[in-house]
Amino acid sequence: MQLPADILVKALYDTFPDPVLVTDGGGIIVAANPAATTVLGYASQELLGMDAAILEVEANGHAAPDRDAAVAADRAGWLRRTARLRCKDGRVLAVELSRTPLPATDPALPGTVMVVRDLAPLSRALEQNSASTGRLRSALESVSLGFAIFDGADRLVLCNNAYRTMHAAFTPAIKVGRTFEAILRDGLDSGQYPEAGATEELREAWIAERLERHNNPGEPYVQQISADRWIQIEDRITADNYRVGLRADVTDLIRAKTEAERLGFILEGVAQEVYLVNPRDRSIIYANKSARENLQYSMEELRGMDVRKLNAEYRPEEVSEKMQPLLTGKTKLMVLDTRHRRKDGTIYVCRVRIEKLVDGPEPLLLSLGEDITERLEIERALERKRTEFEALVRSLPDLISRAEPDTTLTYVNENYARFKGRRPEEMVGRKFLDFIEPEARDAVLEKISGLTPDMPLKTMERQMQDHDGQSYWYSWTNLMVFEDGKPVELVSVGRDVTESYQAREQIAQQTRELAMRNDALEQFAGLVSHDLKAPLRQIRLFSDMIAEDVRDGKTDELEMLSAHISDRGTSMEQMISSLLEYSQLAYQTINPKRFNLSEAVAEAWRNLTVHASEAKARLISAADAEIHADLALMTQLLQNLFANSMKYRATGTPVKIEVDVETSDTAVSIAVTDNGIGIDPAQSEKIFGAFQRLHRDERQYSGSGLGLALCRRIAESHGGTIDLDSSFQHGARFVITLPKIGL
Amino acid sequence: MPEAAYHLGPELVRAVNRMDFFRLFKALAVNQQCRYFVLSEVSGEEEGINLQHPHALHNLPESWLKGTNGKSLGADPVIAEARRSTAPFPMDLARHPSVLAHASGAKTAIVVPLHTLAAKRYCLIMFGEASLPKHEAMAVLALDAALIFQRYYAVILSLDSVSGLNEREIQIVRWTSEGKTSAEIAIILGLSEHTVNSYIAAILRKLHVVNRAQMVASALRSGLIA
Amino acid sequence: MNSDRRGQPLKILLVDDDPAEHVLLRRTLEKVEGPAIELDYVGDIASAVASVKAGGIDIVFLDNRLVPNNDFRETAPQLREAGYIGPIGIISSDISGKYFQQFPEFGVDFRIGKDEIDRTAISFIISEYTRNQLSDNCAEDFL
């Protein structure tokens, strides 16, 4: 039997890992390979000659190894069955016996070859397998992932509850053995897939696409399965052509994602600098665009950077110290102005607002920064301006106030307060009307209430008294500030215009005087052109007549005509001399001395003796008073007044003239009263005008209309006045007032 | 004759009646050393001018006019020339003796043609001693004459085309409708009979009527009086 | 006014407190041709009122200023109140005062400056104020 094949078999037989036992026809072991001795624990000699059946442990008390063995009928005599074999040390091995009848080439050796395979590793594996399968199942049921397996024919093999729940609308359709497509169509019919569309065509197209993805799966994708539910689908094909479907409910994720995206965009886009910092190591987790651009770092450079390194003002320890209250939870929020260093080394001032976020999974520091370099500059400029303004306002000589529209003062400058003898703080809070003279309040209020958005500024001049009672003229400019048509603030500036006011008053006074002089001049021109011309005309006409008469040889009227000429000539002479008198007076200086007024009265009366007797005039004089004046001028004044009284006497009544004197501390007033026709009060000023004539009778008196003008000039040259007492009704009464100088 | 004071300015606008315009035209003439003047409408008729017309103004003595009685003034060389001219011109009376000024001894006539808005032709003729005026003096004179005449037209002549009566006129119509005579109305209103008649004449012209009965009827119709 | 008195001299009343003016006007009137003119003269308004009341006055020449009155506005109405309905002319050496403009309201018919008075002016006044302004068919007797 030493055939080369035998050698090969022998080699195989010797090296085969499983025990190989060769039995004869009687079941007696005739040969055993080394593995048999190793596995079974018997020595080779012990096995040889041993009935193989002895090795077998009888199942259920009987051993019928071959008789009830499952015979593989397709191969003659080949049999494989499990059995339990007892090893020499008593262990029982579960084995698989493969018994192959030896070819009956040698009748003497009708034996079999048995290959024993130790099943223990396998059963261990099986046991293990069974346990893990159970665990897997329960695990599958417990995970939230939907899980389904389809076999090669795309029939559902298994799925978990989550998978069913995700397809709640058609859970009954999800049955093991149904095809994916059938389940899908049921799902579509149940309305599970709103995205599929409404028409038949759209749905078919959708199914085709869905199947395509199922059969040729790629990247996971998200499918909306109802209005507010999204799942992520991940299909896999296994090596043995099974399809495994994983379904994850991503609704929350999708939602969270959109919100987070939005937040992210906002954070990225805001003008403020936003930092997210890990509070444990102060490393930067995120910095938004504003922060990156201002700091000149990229996100990559910033991520993980110690946020304290950005601070150019404090050392890291100092920063830590400053942030300590926040980190320990002592405060939730802190704001600090500090300085950040850019990548290029430049520095900017940053106002940082740091908040510790503890609600998230990880505590976070949210830091909002604002580059306040510009703002600081503006603030500084404003402050500078304010200081300048304050200094300006303080140094201005004007009175300045600011007030609410209801005139409650909110600001008063030093000058204003000083003017009122108060401190600014005493005035603020009170209405400025309180500081205005009561009689001026209405006018001021009216001015202020007249301010409108169209005309918000008005100026008024008014007299004011300071705390010493000194009077000044102030020009007040009131500006009402309006916002949206509503008054919000009243700014008032008062300027001392006392001097210019006085100057203006003086100019106005001079203008008035000038106007009066112009009037007088005009009257003078009128007098010259008219009153002097009139007698001249008569003289000319009379002369013509005389010439005519002489030519005609008529003599009867010559005397009368020449008398008229003479009369007109005299009248003109008088007029011219009184004009002269008046104009001389204009340049005359007075020679005052002390005398008794009765002297002047007596002298004036003496000068008018002729007229007085003609007018049957009577004088009642109570003029016993010392005055200091020019005697000649005072005499002339009185004489003019007396002449006036005689001139305008009432018809048929004897003229009565009274002179009375009253002396006060400062003045002497002399009243000259008559019982004549009186003077219309409306004319009371006009009569004193130069050349003013009330009546046309210049031929009869020398006064020629200049009398009262002369009187006034005399009174004024003494620093006094003369006026008509317009209240007197029974004639005319003139009152001369002279200052008591030198008495 | 001395030069009269001549104030065209304020006096011009103050003129309210024919007397005032007489004074103005006379002053204008006197200013040109002309003692006499004639303002008259120039008609196309043979006599040329009618000094008796109520709108005429002149200061020629009646005796001179009597001399023209029956004769045609249209033949007078000054009037004839005035009818032909539209521009002011002076005339030497020694070469062209005029009946009008014959007795005055005037040497010169100054003629200023004038026109109303209604295209009626008037002329102002002044007779004086002076030599022929210079060009500039003529221009100023013509302008002053035109100004006075325009005012005369506005205040007096244009009444024909003015509608509406003033308060005084309405009073007079009212009293007339009550049967008052001019004299009675004059007493009632404190005016002269002449003035009342002037008003009535003006009213007649304004209302385009010719007598008092028509005046009252017209005023009643137009509601001027009740 | 002149129709019933044809043949009678025209009677002018001068009211002026200056007698010289009387002389002047008288001499001027002497040179006015035409119908005979008679000149009456009074020196104050009271006499003037008495004069017009007496009747026969055809025209009044009234001086503007008569003492003690201010101007014609105080005097002319007195003549009207006296029932005088003939023409009143104000004479004055100066008629440029503004108040002169009011003369029609005070019953005055015309105004004239004293230096404007000459025989041609008098002639015009006489013809103007004695002329019948209304045509015959407007005579009063139709009423």
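Modeller: B:Ala213 is located in helix H9 of chain B; helices (H or I, at least four residues) and strands (E, at least two) are DSSP runs numbered from the N terminus. The model is a predicted one, in which local features need pLDDT of at least 70 and side-chain atom pairs count only at pLDDT 80 or more, while totals for chains, interfaces and linings use all residues. Residues are numbered from 1 along each chain as its sequence is written, and chains are lettered from A and ligands numbered from 1 in the order in which they are written.

B:Ala213 counts as partly exposed because it has 15 C-beta neighbours inside 10 Å. The classes are buried for 20 or more other C-beta atoms within 10 Å of the residue's own, exposed for 12 or fewer, and partly exposed in between, with C-beta atoms placed from the backbone. Its C-alpha atom is separated by 8.8 Å from that of B:Thr176, a residue 37 residues apart along the chain.

As to the chain as a whole, chain B has 9 helices and 5 strands, and from the N terminus on the elements run α-α-β-β-α-α-β-β-β-α-α-α-α-α. Of its 226 residues, 39% are buried. Contacts (C-beta atoms, placed from the backbone, within 7 Å) in chain B between residues at least 6 apart in sequence join residues at least 24 apart in 58% of cases.

The strands form an open sheet of 5 strands in the order E2-E1-E5-E4-E3 (chain B), with antiparallel pairing; strands pair if DSSP finds at least two bridges between them. Strand E2 (57-58) and strand E3 (89-92) of chain B are the edge strands, each pairing on one side only. Strand E1 (residues 34-41) of chain B and E2(B) are antiparallel over 2 bridges, and B:Leu57 in E2(B) is the bridge partner of B:Leu39.

Helix H4 (residues 77-84) of chain B lies across E3, strand E4 (108-115) and strand E5 (121-128) of chain B, at about 35° to E4(B). Helix H5 (residues 135-155) of chain B also packs on the sheet, touching E3, E4 and E5 of chain B, and its direction makes about 45° with that of E4(B). Axes are lines fitted to C-alpha atoms, for helices over the stretch in contact, and angles run from 0 to 180 degrees between N-to-C directions.

The largest nonpolar core has 101 residues, of which B:Phe25, B:Ala109 and B:Ile125 touch the most other members. H2(B) gives the largest share of this core, 9 residues. Such a core is a set of buried Ala, Val, Leu, Ile, Met, Phe, Trp, Tyr and Cys residues joined through C-beta atoms within 7 Å. Beyond its neighbours within four places in sequence, B:Ala109 is in contact with residues including B:Val78, B:Pro90, B:Ile125 and B:Phe127.

The contact between chains B and C takes 36 residues from chain B and 33 residues from chain C. On the side of chain B that touches chain C, at least two residues each come from several helices, among them helix H1 (8-14), helix H2 (18-31) and helix H9 (212-221) of chain B. H8(B) gives the most to this side, with 8 residues.

Methods: Two residues are in contact if their C-beta atoms, placed from the backbone, lie within 7 Å.
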